[in-house]
Amino acid sequence: MSEERKEAKLIIITGMSGAGKTLVVRSFEDLGYYCVDNLPPTLLPKFLELMKESVHNINKVALVMDLRGREFFDSLFGSLDVLSEENWIQDHVIFLDASDEVLVSRYKETRRSHPLSPGDLPLNGIEKERELLEGLKGRAQRIIDTSEYSPRQLRERIVNLYAEDPEDVFSVHFVSFGFKYGTVIDADLVFDVRFLPNPHYVPSLQPLTGLNQEVSSYVLKWDTTKAFNEKLLNLFEFMLPQYKKEGKSQLVIAIGCTGGQHRSVTLAEYFAEKLSDQYITHITHRDINKRKGQ
């Protein structure tokens, strides 16, 4: 079984505290990697065993290993040696660094103490950490100095370096919903389409949903709907590239009508189809099967 699986990718993210490891591992998560933050190095061989035996074939993994687990840190070099002996896995170590001035500034902004100098000056901890990590830095395949990077720029760097296709990272998720059941709390944009003609009042259409051709044709045939769709597509054409440029990996667009069965479903399907040639699109119809009293 293990001989048939394709080569797996394992990224180990390490480096100076405050250099951006959390942001980087989240970027790998957006790229489809299975991510674990602060894995003790002593558990790496066991983790590799689980990867190899996984029936789900987890082929892209990113692990953060840093001095939060410093009692285990001495074993990291031995774990890296174990990796080099595994011919089914492609391992890669990223070391994140930044200047002392930048690291001190970041600690002051967050009001956190350095893990190696709790209650002491951050600079003292930074100096100790540099000394401890000197050997590990030499074993890294890629060293990234984040001193001049904004969070968005650092994320873009990771995407450009490690995405199989950087254009595929950004996706648009349309969610249809009914206002009677509450709004979508994790939406980035919410549009209310209750002003459009309502199929609910057409007896033959009432039991159907926006997934039925009869309902979607009814909703889309009106001049008001056509004008609204044209204006909203123009808005999306302007806004979506800006969200992508800012480093957002997914934009959630919620479209609501009264019950979440007819108009919102139709338009979520419509806009997802219209944008599918430019972006990865997903659709969730949150309330499509709900009925009053259920």
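I looked up Phe170 and Tyr279 to start: both are buried (under 20% relative accessible area, with exposed over 50% and partly exposed in between, using a 1.4 Å probe and protein chains only). This is a predicted model, where local features need pLDDT of at least 70, side-chain atom pairs count only at pLDDT 80 or more, and totals for chains, interfaces and linings use all residues. Residues are numbered from 1 along each chain as its sequence is written, and side-chain values use heavy atoms, leaving out hydrogens and water.

Next, aromatic pairs. I searched the whole structure and got 12 of them (rings of Phe, Tyr and Trp, the last by its six-membered ring, pair with centres within 6.5 Å; planes under 30 degrees apart are stacked, over 60 edge-to-face, the rest tilted). One of them is Phe28 with Tyr33, edge-to-face at 5.0 Å centre to centre and 75° between the planes. Phe28 and Tyr33 are both buried. For Phe170 and Tyr279, the centres are 5.5 Å apart and the planes at 70°, so I noted this pair as edge-to-face too.

I also found an aromatic cluster made of Phe174, Phe191, Phe236, Tyr270 and Phe271.

Then I checked charges over rings (NZ of Lys or CZ of Arg within 6 Å of the ring centre and within 35 degrees of the ring normal). Arg194 lies over the face of Phe179, 3.8 Å from the ring centre. Lys290 has its charged end over the ring of Tyr181, 4.9 Å from the centre.
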